[in-house]
Amino acid sequence: MQKYLELIRNRRSFYNLSEDTELSKEEIKYLFEDVLNITPTAMNSQPVRIVLLFDDKSKEFWNKVNETYDNTIKEEKFNGFYHAKGTALYFIDDALIKELEEKYPLYADRMKQWAEHGCAMTQLNAWQALADENIGASLQHYNPGIDKWVKELYDIPENYRLVAQMPFGKILDVPEEKEKAPIDKLLKVID
Ligand SMILES: Cc1cc2nc3c(=O)[nH]c(=O)nc-3n(C[C@H](O)[C@H](O)[C@H](O)COP(=O)(O)O)c2cc1C
């Protein structure tokens with residue numbers, strides 16, 4: 001196990017991926033189960049849902065995404081998604097949010113936002129847990145353009161809202177460092 005800061009430093013947006021992950025499908029499934037169980041959510045409400053697509057199902061997904069956007073995804077990017085081991089689809093259960101809004105009227109106007117936070121934390125935990133296993137991933141947002149057929153194809157309940165798509169696979173290329181804003185613009189210390 002790496003030290004935590006090293007671990008999170010190694011999480012990057014990896015686009016060039018292949019199927020040959022060190023972990024099996026089963027092990028990747030357990031990883032996502034753990035992430036869903038461990039990640040905190042507001043009031044422990046667990047509004048996040050994940051659908052995992054592997055191998056040919058993931059390839060079919062990316063073909064359909066590309067078709068939806070008239071095959072305009074850049075070839076290099078598309079090839080990385082297409083050759084990934086799998087794709088995680090992240091959803092929020094809006095019916096659960098509605099229940100929580102009714103149960104906790106004082107916080108009703110925050111529930112949706114908190115669910116988004118819980119979903120974002122889940123995405124990041126999965127992204128980092130995968131990186132710890134030498135599996136690269138990136139975060140994609142082809143919703144809402146793909147929502148309709150995703151629901152039909154995977155038999156997703158009407159109240160689940162697609163939030164993000166995360167292709168993952170063996171890392172073929174490490175991206176270059178990205179420029180960051182000056183740290184004193186981002187962090188102020190008062191002591
Ligand atoms: C909330 C969020 C949304 C993002 N959406 C996309 C996206 O739709 N497509 C994409 O290629 N990258 C997306 N990214 C990846 C960011 O561009 C990337 O994380 C950022 O440039 C830093 O690079 P790094 O991930 O390599 O550290 C998203 C990242 C975050 C945190």
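How many nonpolar, polar and charged residues does the lining of the largest cavity have, by class? The lining has seven nonpolar, two polar and no charged residues, where Ala, Val, Leu, Ile, Met, Phe, Trp, Tyr, Cys and Pro count as nonpolar, Asp, Glu, Lys and Arg as charged, and the others, Gly among them, as polar. The model is a predicted one, in which local features need pLDDT of at least 70 and side-chain atom pairs count only at pLDDT 80 or more, while totals for chains, interfaces and linings use all residues. Residues are numbered from 1 along each chain as its sequence is written, and side-chain values use heavy atoms, with hydrogens and water left out.

Two cavities of 30 Å³ or more are present in the structure. On a 1 Å grid over the protein atoms alone, a cavity is a set of points where a 1.4 Å probe fits but cannot get out; a pocket is an open set with protein on both sides within 12 Å along at least five of seven lines, and lining residues have an atom within 4 Å of a point. Grid points are joined across faces, edges and corners, and a volume is the space filled by probe spheres set on the points. The largest cavity has a volume of about 40 Å³. Its lining is made up of Thr41, Ala42, Ser45, Pro47, Ile97, Leu100, Met111, Trp114 and Ala115. Helix 5 (94–103) and helix 6 (111–132) are the elements that give two or more residues to this lining, and helix 6 gives the most, with three residues. Helices (H or I, at least four residues) and strands (E, at least two) are DSSP runs, numbered from the N terminus.

The second largest cavity holds about 30 Å³ of space. Phe91, Asp147, Val150, Lys151, Tyr160 and Leu162 line the second largest cavity, and these residues divide into four nonpolar, no polar and two charged. Helix 7 gives the most to this lining, with three residues. The largest pocket has a volume of about 390 Å³. Of the 13 residues that line the largest pocket, Ile8, Arg9, Arg11, Arg12 and Glu177 lie nearest its centre. The lining of the largest pocket divides into four nonpolar, three polar and six charged residues.

Helix 3 (residues 55–68) and helix 4 (residues 75–82) pack at an angle of about 150°, with axes 9 Å apart. Axes are lines fitted to C-alpha atoms, for helices over the stretch in contact, and angles run from 0 to 180 degrees between N-to-C directions. The two helices are therefore roughly antiparallel to each other, a term for angles over 145 degrees. In this packing, Lys59, Trp62, Asn63 and Asn66 of helix 3 meet Phe78, Phe81 and Tyr82 of helix 4, contact meaning heavy atoms within 4.5 Å.

Ser138 lies in the loop between strand 4 (135–137) and helix 7. With 0% relative accessibility, Ser138 counts as buried; buried means under 20% relative accessible area, exposed over 50%, and partly exposed in between (1.4 Å probe, protein chains only). Not counting residues up to four places away in sequence, Ser138 touches Ser13, Phe14, Tyr15, Phe81, Trp127, Gln165, Met166 and Pro167. Pro144 is also placed in the loop between strand 4 and helix 7, and the peptide bond from Asn143 to Pro144 is cis, with omega near 0°.

Asn44 has a phi near 55°, a positive value in a residue other than glycine, and counts as exposed at 59% relative accessibility. For Asn134, phi is near 60°, and a relative accessible area of 47% makes Asn134 partly exposed.

Key. Angles under 35 degrees count as roughly parallel, over 145 as roughly antiparallel, 65 to 115 as roughly perpendicular and the rest as oblique.
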